[in-house]
Amino acid sequence: GGSGIGAVRAAEMAVKDFGGKVLGKPIEVVYADHQNKADIGASKAREWFDVGKVDMVLDITNSAVAIAVQKIAAEKKRINIVTGGGTVALSQQECSPYGIQYAFDTYALATSAVNVLVKEGGKNWYFITVDYTFGLNLEKDAKARVEALGGKVLGSVKHPLNAPDFSSYIVSAQAAKPDVIGIASGGGDFANILRTAREFGLGRGGKPVLTALFVVITDLKGLGLEIAQGLQYVDPFYWDFDEQTRAWSQRFMQVHKAMPSFNQAGDYSAVMQYLKAIEIAGTDDADAVMKQLRATKFNDFFLRNAYLRVDGRMVRDMYLMEVKKPSESKSEWDLAKLKRVIPGDEAYMSLAQTACPLVKK
């Protein structure tokens, strides 16, 4: 899906584009599969830091893995950059002076969609949610925002990861007669929920509105526009946003044979910005590099109007997207259109709300 070997290819592309060396030393990319298990991710990171002398760990999909790796990185004073893990804990209670949450978090995805949809008349919500931290956090943040804006949550159903059948969940959602059904699931579950919703005739003529709180472009591609059309979702990156994103994405496509997911694009950008910071700081010392990163205003093909906060949150523009109708699509990967740019300061939780111990209240 969003990470995998494509993430490795993106990092390798960045190293090559940077010139293969920093401060006269060759740059090496190593990778491992954590299998979505926190203990595997943690022991791999520890081995890399202690034995492999790895300076920076990247990507880290899965929130539990990301938290475990960030703890070890902090203990070892090495930098970790999370493009794949979405829990707000990474820049909240689990924040680290060496940890960066680079691409998104569940709060930004959930609340940005809610802000727009409630204002467009989507007052009554119903959630279909995967029953583990990731889904529960998406639902919790979205629900709080719906209620803060004067809307109502009519109910929600929780499903196990990789559920075999979603019919009963869709029937429950339909019976509640909501304005909006929020899908707080990812990957195969998200795809199957949407397929089932369409089989039951939901979302035809835009009623109820279907929004997914976490979407990866390859999932949309797999579903096809016939099923996905009209779906609204928030994304930190879309390949066809402008000249810059198109140019980079087409290069990536030649290497990987698929358009980049947001965290693959984020991996390239993160490696590039990290290496630039080492060059400017004149050292790969983690404290000096973090200081340099915090002093930078970022604008590249992936980060727009971005800056790094003391809590490790990369504050950057997000995008509300709508999946195109088949008739609107001009090419294989022409899947969505931009509805609205959401400025980072609006998308992310403010420092005043944070539980990060590094923030002096």
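Strand 6 (residues 124-130) is largely enclosed by the rest of the structure, because six of its seven residues are buried. Buried means under 20% relative accessible area, exposed means over 50%, and partly exposed lies in between, using a 1.4 Å probe and protein chains only. Helices (H or I, at least four residues) and strands (E, at least two) are DSSP runs, numbered from the N terminus.

Keep in mind that this is a predicted model, where local features need pLDDT of at least 70 and side-chain atom pairs count only at pLDDT 80 or more, while totals for chains, interfaces and linings use all residues. Residues are numbered from 1 along each chain as its sequence is written, and side-chain values use heavy atoms, leaving out hydrogens and water.

**Strand 6 and its partners**

Two strands pair if DSSP finds at least two bridges between them. Strand 6 runs parallel to strand 7 (residues 152-159), and seven bridges join them. Within this pairing, T129 stands opposite K158 of strand 7. Strand 6 also pairs with strand 8 (residues 180-184), again in the parallel sense, over five bridges. Here F127 stands opposite G182 in strand 8.

A148 is 106 residues from Q254 in sequence and 45 Å from Q254 in space, C-alpha to C-alpha.

T106 belongs to helix 4 (residues 106-119) and counts as buried, at 1% relative accessibility. Contact means heavy atoms within 4.5 Å. Leaving aside neighbours within four places in sequence, T106 is in contact with G86, T87, V88, F134, N137, L138 and D141.

**Aromatic rings**

F134 is itself buried, at 11% relative accessible area, whereas Y132 is partly exposed, at 33%. Rings of Phe, Tyr and Trp (its six-membered ring) pair if their centres lie within 6.5 Å; planes under 30 degrees apart count as stacked, over 60 as edge-to-face and the rest as tilted. The whole structure holds 16 aromatic pairs, and two of them are shown here.

| Pair | Centre to centre | Angle between planes | Type |
|---|---|---|---|
| Y132 and F134 | 6.1 Å | 35 degrees | tilted |
| Y238 and W239 | 6.0 Å | 50 degrees | tilted |

Both Y238 and W239 are buried. One aromatic cluster is formed by Y102, F237, W248, F252, Y268, F301 and F302.

A charge sits over a ring if NZ of Lys or CZ of Arg is within 6 Å of the ring centre and within 35 degrees of the ring normal. R316 lies over the face of F302, at 4.5 Å from the ring centre, and K221 lies over the face of W333, at 5.0 Å from the ring centre.

An open sheet has three strands in the order 11-12-13, with antiparallel pairing. Strand 11 (297-298) and strand 13 (314-315) stand at the edges with a single partner strand each, so one side of each has no neighbour in the sheet. Strand 11 pairs with strand 12 (residues 306-308) over two bridges, and Y307 in strand 12 is the bridge partner of K297.
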